[in-house]
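Trainee: I'd like to go through a structure with you. Can we start with how two of the helices pack?
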Amino acid sequence: MAGQLRFDGRVALVTGAGNGLGKAYALALAERGAAVVVNDLGGDIKGGGKSSKAADTVVSEIRSKGGKAVANYDSVEEGEKLVQTALENFGRIDIVINNAGILRDKSFPRISDDDWDIIQRVHLRGSFLVTRAAWPHLRKQNYGRIIMTSSTSGLYGNFGQANYAAAKMGLLGLSNTLSKEGEKNNIICNTIAPVAGSRLTQTVMPQELVDALKPEYVAPLVVYLCHESCPVSGKLFELGAGWFSQTRFERAKGALLREGNDFVKPEEVRDNWEKITDFTNSDKPTTGNTEFLATLLSSSKEEAPKQTEKRSLKENIQSFQPPPVTFKYTEREAILYALGVGVSTQQPDYLKFLFELSEDFSVLPTFGVIPAFDTMMNSLHSGIPGFPIDPTRILHGEQYLELYKPFPKSGALKSTLRVVDILDKGSGALILYNVQTVDEKNEPVAFNQFGTFVTKAGNFGGPKSSPEARLTADPPSRPPDATMSEKTSVDQAALYRLSGDRNPLHIDPSFAAMGGFAQPILHGLCSFGFAVRHVMKTFADNDMTKFKAVKVRFSKPVLPGQTLQTEMWKEANRIFFRTKVVENGNVCISGAYVDLKEGSNTSQKTVTKGNNDSLQSDAIFEEMARQIKSRSDLTAKISAIFFWNITKNGKVANTWTIDMKSPKAGEVYQGQPRTGKADCTITIADENFMSLVTGKLAPQQAFLSGKLKLSGNIMLAQKLGEILNAVQAKL
Ligand SMILES: CCCCCCC[C@@H](O)CC(=O)SCCNC(=O)CCNC(=O)[C@H](O)C(C)(C)COP(=O)(O)OP(=O)(O)OC[C@H]1O[C@@H](n2cnc3c(N)ncnc32)[C@H](O)[C@@H]1OP(=O)(O)O
């Protein structure tokens, strides 16, 4: 036999540990090094009375053997107090054994409200309250072992115990659910249905049997289930007298009686009773059958035998060919998407993505995932045949997107989804989906490959890799050529989800908790949108026509509100990148690259303030400086300081000040205002400034289209317009 199962450093809480089974667990755990809270109310078996004696006796016995124990005399309905005793005395809690119980046996018609309620309260509600009090501590430390005590009376029914049986079966449901919710935090929960001689069984068993069925015969399995090496969760065990056995459900293969959309008649059920109850080729389910049923809903009776035939996963995937899905959109959807991936009116180029009337209005290339995602949602509503997926375990693992042309500003695009492969990644399954998108003329617009990672669904014997997979690529080993950081908003996921991915993982804390997250996480495709913007801004001057393709792996989750920092390396037309969460240093996007179109001038622009050799506006400002100085009629019109930012390729390239305030009235010079603050700041691209002063671009039009931006006292700008007009005549 390998080494002894030890519990040194662990703290166990055992309810109803003054006698019988609870006492056997407490002694066994303490003997193996655990510190034990021995809880016992000291009441009688019907729930009456109260005494500290039972718990004290067990504590003394443990201590006399050199073990660590403390007594607690509270009812399990005061779960917090029990857990508090563990925390106050031993500083932590690792193991919760819900064992306390009472009986009020009566045949069904004689059960009073009180008989019913007290049994539910002590067994079901008590186990709930004690476990709930311990749960946050177990989650925080990423470790917990929980035992629920059910009974064969619950599993199979027992005359005179309807109240007790109902509570005991309820505990099985509680345990099964906790095993799923606790999985991500290494919290294991199992159920036992023990048979032992105890105060409770005394009433239903002859004394010799009670004496023979010693609690010590049950304790070994419970001890193992509480150990850190316990290999299972959500399981049920029957045991007693040194016999140990797992019990599980069995589901008959069943019969599909529905034909098309017709309803099934009760007579058909009668006539097929044998099939419905035939356990040949049954399965041993650990989850409900909803995915399978959903698949059936899209099939008819004739097709049904195919569904139950044993086919390989690959065959199932290949035969799954959902029809194309049409996605209609306008600029509105493209703008909403741009907001969702962080385009803001605080950015110099925002009009291009947020204002549909802007001359160079563009759809962000990463919007190319949106019609494809819509198709995924529509094509997969019934799951993938033969591969049931728990929705709380789906994470976005990887994404590849290629555009064949700049994304149309509006349209009705048709996308077709195929499941390419399901890879066995050990800790999970990676499902690869290809989505082809075409426009109204059937011309290809985009290709997407989604890789969704289903955690805990690996080790099913599938392939580890696929020739179809678009692969990630590592960046060069030198320091990055450029970096860009941007803080996401705390509402980023709430905003992004309006573009189609309504997965509750990103908004609903209780759903996120089921997936093992402390709070909702950001959509992978949202961080993806941010990161690709960083690349396109840094290496393509935000010219979205230069985008060709992108590949990313989502390697760590991001929380809304965190800051994304993208590090970039340029190698010919490929920009390698990785994105980090600044707050914790985690790399959230790895192995990533953007491919720009052949021939794109991808050199990183290094335009800085003062680098103005080629600015055409400079000549105008210089001329203006000469003219304004000599025109007292102009300086009399207005008393204000104007500050001009002249941009080139989206970056401020130079600044000029027009100072029309006394005593500097009529001065025009380069740089920041020398006296006082600017009353009105104007930002305009060099070429637009030229068009403005030569009259090709009307000031109103420049403003409305976003080509000219104003801040401060913008009413002054109109007056300045008059001055410019006067000067313009001479230019
Ligand atoms: C039907 C509808 C579909 C809807 C789709 C999407 C819906 C969206 O709403 C969902 C989201 O947006 S979720 C948010 C974005 N994604 C994330 O936050 C996931 C972050 N990644 C992780 O946590 C881990 O990488 C994790 C947990 C994914 C993997 O971590 P580990 O289990 O620790 O794996 P590890 O031990 O590192 O590696 C094991 C093998 O898996 C491969 N692998 C790891 N991360 C991967 C990933 N992200 N994608 C693909 N493969 C990945 C490893 O390479 C390794 O395989 P191999 O041995 O073959 O190299």
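Mentor: α4 passes α6 in a right-handed crossing. A crossing is right-handed if the near helix is turned clockwise from the far one by less than a right angle, and left-handed if anticlockwise. Helices here are DSSP runs of H or I with at least four residues, strands are E runs of at least two, and both are numbered from the N terminus. This is a predicted model: local features need pLDDT of at least 70, side-chain atom pairs count only at pLDDT 80 or more, and totals for chains, interfaces and linings use all residues. Residues are numbered from 1 along each chain as its sequence is written.

Trainee: Which residues of α4 and α6 make the contact?

Mentor: From α4, they include W116, I119 and F128. From α6, they include Y164, L171 and L174. Contact means C-beta atoms, placed from the backbone, within 7 Å.

Trainee: What classes of residue are in the contact of α4 with α6?

Mentor: Nine nonpolar, six polar and two charged. Ala, Val, Leu, Ile, Met, Phe, Trp, Tyr, Cys and Pro count as nonpolar, Asp, Glu, Lys and Arg as charged, and the others, Gly among them, as polar.

Trainee: At what angle do the axes of α4 and α6 cross?

Mentor: Roughly 20°, and the axes come within 8 Å. Axes are lines fitted to C-alpha atoms over the stretch in contact, with angles from 0 to 180 degrees between N-to-C directions. That makes α4 roughly parallel to α6. The cut-offs: under 35 degrees is roughly parallel, over 145 roughly antiparallel, 65 to 115 roughly perpendicular, and the rest oblique.

Trainee: New topic. How many residues surround the ligand?

Mentor: 28, and G397, S427, N503, G524 and P557 are the closest. A residue counts if its C-beta atom, placed from the backbone, lies within 6 Å of the molecule.

Trainee: Which strand gives the most to that shell?

Mentor: β10, with five residues. The shell has ten nonpolar, twelve polar and six charged residues.

Trainee: And K456, what is its phi?

Mentor: Near 60°, a positive value in a residue other than glycine. Most residues other than glycine have a negative phi. K456 is in the loop between β13 and β14. N459 is in the loop between β13 and β14 too, with a positive phi of about 55°.

Trainee: Is N459 buried or exposed?

Mentor: Exposed, because it has 12 C-beta neighbours inside 10 Å. K456 has 14 within 10 Å, so K456 is partly exposed. Buried takes 20 or more other C-beta atoms within 10 Å, exposed 12 or fewer, and partly exposed is in between, with C-beta atoms placed from the backbone.

Definitions and conventions. Contact = placed C-beta atoms within 7 Å.
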